[in-house]
Every structure is written in C-alpha cells, then in structure tokens.
Amino acid sequence: MAGNCVPESQDLKEMGEEELWEMINDNRHRISLGVRPCILIPYLRQARVLTDLDEDEIVSCHNLTNRCMRTSYMLDLLRAQGRNGAIAFLEGLMIHYPTLYTQVTGRKPSTEPSTFSGLIKYSELTEYLIRAVTGMQKELQEARGEAGRMSARCASLESEMGQMMEQEEKSGRLQSENDRLQRHLSSLQREVAKLKDEKCDLYIRYTTAIEERSAINERLHDLNLQVYQLQTELQNAQMDTKRHPLRFVSAPESPQLQEEVRTLRSQLAKAQTLDPARQDILAQDLAEAIDSQVQLAEQLRCYREENEILQRDKQALLDQKESLSLQVQQLTVDCKMLQQKSTLIQSQIKELQTERDQAYLSREEAQATIAQILAEKDALRSQLVVMQESVFTLQVKDVRWQSSVSSCDGCPRPERRKLCRMDALRPETFSNSEEEDAVMNSMRSRNAEPPGPESLRRREEILYADSSTESAETDPLLDDFVLLTDGSEDRNELESPSLSNSESSGSSRKSAPPFLVRSRPKAIRVIGRVISISFLGEALLSQLTVVGGNKSGVFVHQVTEGSAAQGVGISPGAQIVEVKYEHNQRALRMVLEDSTLEEAMWALSQVTGFCHLSLRPRPDEYEALLQQLQKSETASGDSFYIRVNVSLPAGSTGTLAVTCNDILHVTNTRPSGAEDQWHACQVHPCQLLDLQSGTIPNYYRAQRLLIRTIEEINFQTKKCQKAGREVCWRKEKAVRIVSTGRQGRNPMWVSVEDKNSESTESGTPSSSKCCVTLMPYTLVTPHYPPICRPVLLLPSILGRILDKKLAGWQGFELCEAEVLMSSEHAARLQRSEILEESEQGRCYTLQSVERVMKKGTHCVLPLGLDCVRRLHRFQIFPIIIFIGQTSRSARKLRSKLQRHSQSEEQLLACSRSEEPLLDKLSCLYRSMAPDSWCDQTSLLTSLRTVIWEEQRKIVWVEPDLW
C-alpha cells in the first residue's frame, strides 16, 4: 500500500518534511502496534533527535500505560524535530524492522552507507550496527535454547502419551474382563431365579403336606372319640349284663351287636396301625424341605456377596477409565499446543537466521568501509604532519624576525616533538560537558607535541569504560545507575588504566555493567527533593529495615552499622521512592511510592548487587507513622480494600472466615511471624467501619486455594452429571472466576517494570508473559451513590414481567424510551449516552434515567446487562437483583409467562445464560433464592425490601482489569 503512495524513483533524502510525516502518519496505527520504543531510542539518541529527558518521558512516564501510547508519544516528539526526526525514525525502522519499513515506505531496506542520511557519522553507525548484530546473535542463541527445551518437552510428552496409551490398553482389557464378569453374573442371577422357583414349589408342597397332616389328625381325633364312646358303651353293656345275668337277649340282637363291635375294633386297629407310618413320612418330608431351604439360603447369600464385590470392582474400573480418559485429553491438548509453539519458534528461528545473514553482510560492508576510512585517515594524518612541519618552520621564522625587531628577549624555541597516532573515541560515551572538554582537548592537540601522561590515562579510562559498556548499551534504564565507592576503590580505578589495551579489551566481558563505572561526582543526583543514591546492595534487607505501606509510603527504619548503605549516607526517615537493580542480566525498576509493605520487601530482597535507590526525606511523616505504630492505632502503613473471589473457611490460628464477594479492609501485608498471610478486617456494609479482624492468605496462597476449589467444583459437577442428577441452585457462591490480561507477576502489583522482557519481534509478545491470570482478590474503591439508584431485575425475561408491576409502587418509575432524530441519535451514540436500542426506532438514553433520578424515585430499567458498564462511565451505579430460578419456581410463574408468550424452558435458559455474566461486572449484585417467595405478590414485596437494603449500602467498584 505504501509502495503505491511513494514512487520508487524518488529518494527519501529528496522528500520534504510534510511528505515524510504524511507517509508516517498514514501508517501510524501499524507503527504503534509493531514498534517497541526501547529498541529505536538508542539509534534516535545517536542521531541527536531525542534527548535524555525525552527518553525518560517515553520510558518512565506513568501516564503512558502501554507500548502503543509510548510509541505514539515518541512519534509526537520526533514530529517536533521536523525532517531530521522523520528520516532518523525511518532509518531506525530500516535497521530494526525491515518488514515494517517496506510496508511504510514501499522500498526494500538496504545497509549501504550511502542510503543513510548522514545524521550519524560512519564510525558511530558502524559501531551501532555491530551492537545490533551482537544483540541479534544473543537473541538467536536464546531462541535456539528455547527450541531445544521445547523439543525435549515434546519428547517427554510423547513418552507420557505412550504410557497413557498403554494404560488405555490395560483399561480396555479390564473393560473386557468386566464385561465377562457381568455375563457370568447374569448367568448366576438366572440360576438364582431358577432356585427361587424350586424353593417356591417346595414351599407349596410343604404347605400341602401340612394341610394333609392336619386333616389326618382331625380324622384320628374323631375316630378316637368314636372308640372311646364304643368302649364306654361296651363297659355299660357289661355292667348291665352283670347286674341282670338272668336277663336274656334275643338271638337276633346279639349277633348284630357283636358284628358292630368287631367292625369298630377293626377300624380302630387300622387307625392305630396307619397313623405312625403316615406321621413318619410327613416328618421325613418336612426334614428334607427344611434342609433344602437352608442350602438355598446359603447359596443366595454367597451370590449376593459376589454380586456386591463385582459391583465395587466395576465402579473402580469406571472411575479409573474416566481419569485416564481425562489425562489423555489433557495430554493431547498439551501436545497440540507444544507443536504449535515449536512451529512458531522454528519460523522465528528462520527469520532470525535471515536477519543474521543480513547482519553479517552489513558487518562485512561496515568493516570494508572502516578500512577505507582508516586509510583515508592515515593519509590525512601524513598531510597534517607535513602541514605542521611547515607551520613550525613559519613559527621559527616569525620568532627570529620578532627577536631582531624588538628590543626584548626572544621567546625560547619550542622543542620539536613528533605526533603519535591515538585511537578514536566514541562521542556517545560522554555527556554534553564531556563533549565540550573533548573539543577543547582536540583544539589544544593541534600543537606538534606528544600527549602527556594525564591525557594517556584519561583516554585509557574512556576505552575501558567503552569496552565494559559494550554488552549493555541498548538498555536505556542502565543509564540511571551509578556507583559510589570509598577511597581505596578510587585509587584502584586510577591504577587500572595502566593495563594495555589488549588486556582491557579481554577483561571487558567480565567487568561490571556500564552503570557501575561512573565517576564519584555523579554518584548522587538531586532531582527536586528526591535524592538518587547508588551503592553495593548485596543482601539489601540485611543492611536496612523498612516500615510503612501504600498509604503512608515505605520508609527506611533502621540502617546496619558499618554497611554500605550507612557508608553512602542513608539514614532512617527517608522514603524509598524507587529502586533499580540488575537481576539475571536484566535491568529492573520498581516504583515503591504507592507500594505495599509486602511488595517493597519483595523488591528489596531481589537486590543482590549494585542498586540505585531514589529517596525523599520526609521526617515528619516518618515520626507520625512511628507514633501511630507505638500507640497501636495502626498495624502498618498499608490500607486498601479488596473484594474476595473465593470462599475461605476459618482456621485454628485466627484465620478469618470469608465468603465469595465479601469486602475486606487489608491493614497489614506483612504481619509478624507470617509471610504468606495478610491482616484484614470485615467492612460494615453501610459505613466504612472495620468489624471482625483476622488473617487471610496472601495473594499467591489464595490463588492456589482458588485453583484447588475450582478443580473440586469441576469434579463434583462432572460426577453429578454422570450420575444423572441435576446441579442444584446454590444460595452462596463458592468462587468467582475473575481474570486479567495484564502482564506481570501479580495483577495487583502495577509498579514493576522489566525493560528487557520485551521480545525483539514486532507484535509478538513473550509467550511466558501472555497469559490470563486468575485473581482471588480484586481491588475495589468505595462510592456513595445518590438517594435513589436505578433498579435492574434479572433474568431479563422475568424483569420484563415485573418491571411494570414494580413501577406501579410508590417511589418507583419505569424508564421510558425516547424517539430521536438521526443527527441527535448519532451525536448521543458518539458520546455513549444511548443505553440500549428498542423497537420502532426508540431508544433508552442516559438523560431519561437522570430525569427520573432527579425526581427522587428509583428508575426501573427494562434493559439488559450491557447497560451497566455504560452507566458506570457516568458514575451511575444501578441496584442489580438476580432472581434465582429452578424448575419448581418457574412453574409458579407459568401463567405470567404464557401471557407474555414465554415458556418455563426459556426462563430457565435465560437464567442459566445470564448468571455467569454477573461475575464479569465490576460491582456487587444481590441474589434472591428461588424458595424465598411463593407467588408474584410476595416476590414484589421481597424485591422492595431488598431494594431498600441495597440503597443504604456502599457501592464497591472494581477497576477495569483489561
């Protein structure tokens, strides 16, 4: 695109100022996204289009919160430099961002010296290119090391995947064994059923035998009665016979009676002979039935035990299979991500190789140019010697002529000395005053005299400083670090330049960073009332102790006797504003002016070498803080409010029990004897008063507890879903998922700046920094709303039903939509005053809400969740009430839903979709349980009570986390 705008024949040197800046401004958005200012600033400094103050404003200004704003501000500063600023910026793009340079100018980048504008001398340009090539080589080595680590990680993951596949095969075999056992179990169950049927038959037979036995016993009893009657009759007959022996019985009656007696005796004999046998048979059958019943009961008990064991084995195998399948899925996702990362790293390595080849070519061309320049310099030096010889001759003649003319004594003839060739010095190593001194020295060296010992010592010191700063010149943050030493170290520095140039260049790789070799007069810089001090801060917390916090500031409390901190003049009562140090070959800066005590102690504990402290003397505030600590009016200098995003139970050591969405007042981030805890108090909902106090986990420990709680909830939810149970509506939330896109260790810590952590590739942030971080606590600020706040009811389907009913109550009014003209609609839309569009060209505006609030009534909002953020921009904080829904509560509103052409399923779906969005709001909301109301009237009454309660509370608002 840029190539079509700028013709190829026209050179950048021939273009005017307006044309150059018009071309840059056309691509300003692309430049802001793809350029890192810290990479271009060294070149722009050498081109003398930016100063030290400009660099400090770009890098250190707190108003410039991101990289795009810093780049845009840098372009504004360069615009003030006119044509030179534009040309220097484009040359910097050609060196560091050749692809972006081509997109902006439409030309191919070239490292030919003739293509540069001449703002930088050839020697300076060559040195800058060599440093750039060295930095690229280091980045290439780091990228290769990262690629090696990623390949090793991929190999380990592949081995783990192989193990998981083997485990999956084992689980398959276990599944087949489980199926076989289930089939065996089903066959055993069928056999048990058959045995049950046989048992039933036996029970029937046993019952029949018992009935027959009872019938026989009844018959036997009857026969016994008859026999007894016959015996009695017989006895009576015998008695009658004895009494009346002369009585004659008739012949026909006597045989008949005898016949009956014989019949009865035969029947009695049969009964007596048949009864024991039948009883034995029945007793034997009963014993056999009882034995078979006992055997069947024993078999049934064994089968039941085997069935329970098989069920437990089956459940264990199913759980193991589920865990293995989850691990396989996770490993598959990790493998895909690693493959993508390895592909990206390989592409970056290829790009770095191409850039390395280009840098090698540029280096060879630069070396050739340097050789040519040195040859020209030698020729000029020889001409200079000849000219100085002639000048010396003329001076001798002039002296002789003056001696012959004047009456006074002539001046002594100066001794003739030869010129010595000295190494060239880099002008960027000096400040402005040093440049003037260098100019004066060069002017004085025009005389044909050799340099003195002082000049040689000074030049060797400069060369040593230049060689020691070779590896760290690209970091602008290191220029703020200086070194304070004692007298012995000064003497060592004076004696060290006596070494040869080869020795100094060989040891420069192992020497201290560049900010450690400055002279003593520059060790202390006073900027306003802030004093900057640099010294050896090895184990800095052992040299001094600090008190305070984010509310009062962090002060030096005690200084160890004989330490380096005492030697440079650090005393108690000074506020630590800023600390700079080097960690793992990276220069870090941390602003401690508004930091907590925990953050300050962490920053000071990271210092293991030379450091740079910015101190502000504040003795009155320090004394006031000490008095408050002695009187126990405050625990420390920390004071801020947080919103808890995870429920934490109470502990045995005074740990405060908190629930999700609680507001806490943190008063001490480093209580005595507890490094991983904060001291906090619960806050009164209607006033800024501290209630119950205790300790809570600090940010990192709470973050681990949050992750563990999320894993447990996820596992329980999956378990309920597999069991076929519906997840019930919870009255109290266990966690609130809040994440941030800010880069850094701690999203609540915003004062840490790492100057070397940015990637060299344009638009490609470091993979270790680009992540979304879960936040167990979020910072909140209190707001005191007006008398009547707007009301928003959720879910939106139920809110549309209740809005008109609620607006009919006294003290409530429904927000009405307005009809706007197209021009007015566009103007209000641009000012973000339109809350939501409605049907028939009507819309709900901010002015309609404000009109209702001015009447002293609650404005009922028939809107969705999108209006909340728009209202917050204008400091209007609505009361958000979410009415929880279940299938049972939805049935209570069936008639109302049907009247508005809605169904119960739609209400439940709307509730499930809008409930997760509430956690993304920057303010608190109120939830109503489904069982807290029984019909529409009781629901409206409860809503009115809830609104009055919420109106009295303080509104706590979170900042924008993205």
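Select leucine 536 and phenylalanine 610: the phenylalanine is the bridge partner of that leucine, and it belongs to β7. Now widen the selection to residues 530-536 and 610-617, which gives you strands β2 and β7, an antiparallel pair joined over six bridges. Keep in mind as you look around that this is a predicted model.

To see one of the contact points, pick glutamine 575; arginine 616 in β7 is its bridge partner.

Next stop, another sheet. Colour β11, β10, β9, β8, β15 and β24 in that order and you have an open sheet of six strands with antiparallel pairing. Which strands stand at the edges? They are β11 (690-697) and β24 (955-957); each has a single partner strand, so one side of each is left without a neighbour in the sheet. Turn the view to follow the twist, which averages 45 degrees from one strand to the next.

Within this sheet, zoom in on residues 663-668 and 677-683. These are β9 and β10, paired in the antiparallel sense over four bridges. Click asparagine 668, and opposite it in β10 you'll find histidine 679.

Last, colour by confidence. The mean pLDDT of the protein is 76, with 78% of its residues at 70 or more. Residues 1-9 stay under 50, though the model has 15 contacts for them beyond four places in sequence. Residues 743-747 are also below 50, with 14 contacts beyond near neighbours in sequence.

Note on methods. Residues are numbered from 1 along each chain as its sequence is written. This is a predicted model: local features need pLDDT of at least 70, side-chain atom pairs count only at pLDDT 80 or more; totals for chains, interfaces and linings use all residues. Side-chain values use heavy atoms; hydrogens and water are left out. Two strands pair if DSSP finds at least two bridges between them. Helices (H or I, at least four residues) and strands (E, at least two) are DSSP runs, numbered from the N terminus. pLDDT is the predictor's confidence in each residue, from 0 to 100. Contact means heavy atoms within 4.5 Å. Axes are lines fitted to C-alpha atoms, for helices over the stretch in contact, and angles run from 0 to 180 degrees between N-to-C directions.
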